[in-house]
Each structure stands twice: as structure tokens, then as C-alpha cells.
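Please keep the sequence and the model at hand while reading.

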Amino acid sequence: DLVFVHATVFENALMEQVNQYCARCRPGTYFCLVSRPLRASGIELLQEMSLQMDWGRGGIFIQQREQI
């Protein structure tokens, strides 16, 4: 499974809801986020990079829910 989140303009309350949702995803699920990483327990950061976007450089975070 793969979840993509373009979180550039997300407020903290919405990002917290995203964290809660992703924490319930199946083990092994991959996440690709723009601008803000997930902060949920059980989710590992695999790679962080900065890429050029139309609006400037943006942080990209590749993460995965831990396998059981």
C-alpha cells in the first residue's frame, strides 16, 4: 500500500489526524509526504530529500509503517 500526502499547507490539527490515520494503516505501508514528515510511533523514516517544485524547493519524506 502507498499513501501520498501533500502536507505543505496543512495546519497542525489536520496533520495530527493524518498521523492517526497512518498509524492505523497496514504494516509495511509506504508513505510519501511533501513538506512535513509523519510523527506517529511505529513509522520509520526511510529517506528524506529536497526536490525542486513549481513553487520552490520542497522536502520529501519517504516513510514506512513497521512490519510486525
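How far apart are the mean positions of the positive and negative charges of the chain? In this predicted model, the chain carries 6 positive and 7 negative charges, and their mean positions are 3 Å apart.

## Overall fold

The chain contains one helix and four strands, and these follow one another along the sequence in the pattern β-α-β-β-β. The radius of gyration is 12 Å, close to the 11 Å that the globule rule gives for 68 residues, so the chain is as compact as a globular protein of that length. Along its principal axes, the C-alpha trace spans about 40 × 25 × 15 Å.

Of the 68 residues, 37% count as buried. Among contacts with a separation of 6 or more, 54% are made by residues 24 or more positions apart.

## Cysteines

A disulfide is a covalent bond between the sulfur atoms of two cysteines. The structure holds zero disulfides. For Cys 25, the closest cysteine sulfur belongs to Cys 22 and lies 5.0 Å away, which is too far for a bond, given that a disulfide requires the two sulfur atoms to be within 2.5 Å. Cys 32 is likewise in no disulfide, and the nearest cysteine sulfur to its own, again that of Cys 22, is 12 Å away.

Are Cys 25 and Cys 32 buried or exposed? Cys 25 has a relative accessible area of 10% and is therefore buried, and Cys 32, with a relative accessible area of 17%, is buried as well.

## The loop between S2 and S3

Two residues, Ser 35 and Leu 38, illustrate this loop. Ser 35 is placed between strand S2 (30–34) and S3, and its phi angle is near 85 degrees, a positive value in a residue other than glycine. With a relative accessible area of 25%, Ser 35 is partly exposed.

Leu 38, also in the loop between S2 and S3, counts as buried at 5% relative accessibility. Leaving aside its neighbours within four places in sequence, Leu 38 is in contact with Met 15, Val 18, Asn 19, Cys 22, Phe 31, Leu 33, Ile 43 and Gln 63.

Glu 48 belongs to strand S3 (residues 43–53) and is exposed, with a relative accessible area of 53%. When residues up to four places away in sequence are not counted, Glu 48 touches Ile 60 and Phe 61. Glu 48 and Gln 67 are separated by 19 residues in sequence and, C-alpha to C-alpha, by 20 Å in space.

Arg 65 lies in strand S4 (residues 56–65). Which residues does Arg 65 contact, leaving aside its neighbours within four places in sequence? They are Cys 22, Ala 23, Cys 25, Arg 26, Pro 27, Gly 28, Thr 29, Phe 31, Gly 42 and Ile 43. The C-alpha atoms of Arg 65 and Ala 7 are 18 Å apart in space, and these two residues are 58 residues apart in sequence.

How values were computed. Residues are numbered from 1 along each chain as its sequence is written. This is a predicted model: local features need pLDDT of at least 70, side-chain atom pairs count only at pLDDT 80 or more; totals for chains, interfaces and linings use all residues. Side-chain values use heavy atoms; hydrogens and water are left out. The radius of gyration is taken over C-alpha atoms; the globule rule is 2.2 Å times the number of residues to the power 0.38. Buried means under 20% relative accessible area, exposed over 50%, partly exposed in between (1.4 Å probe, protein chains only). Contact means heavy atoms within 4.5 Å. Lys and Arg count as positive and Asp and Glu as negative; His and the chain ends are not counted. The place of a charge is taken as NZ of Lys, CZ of Arg, CG of Asp or CD of Glu.
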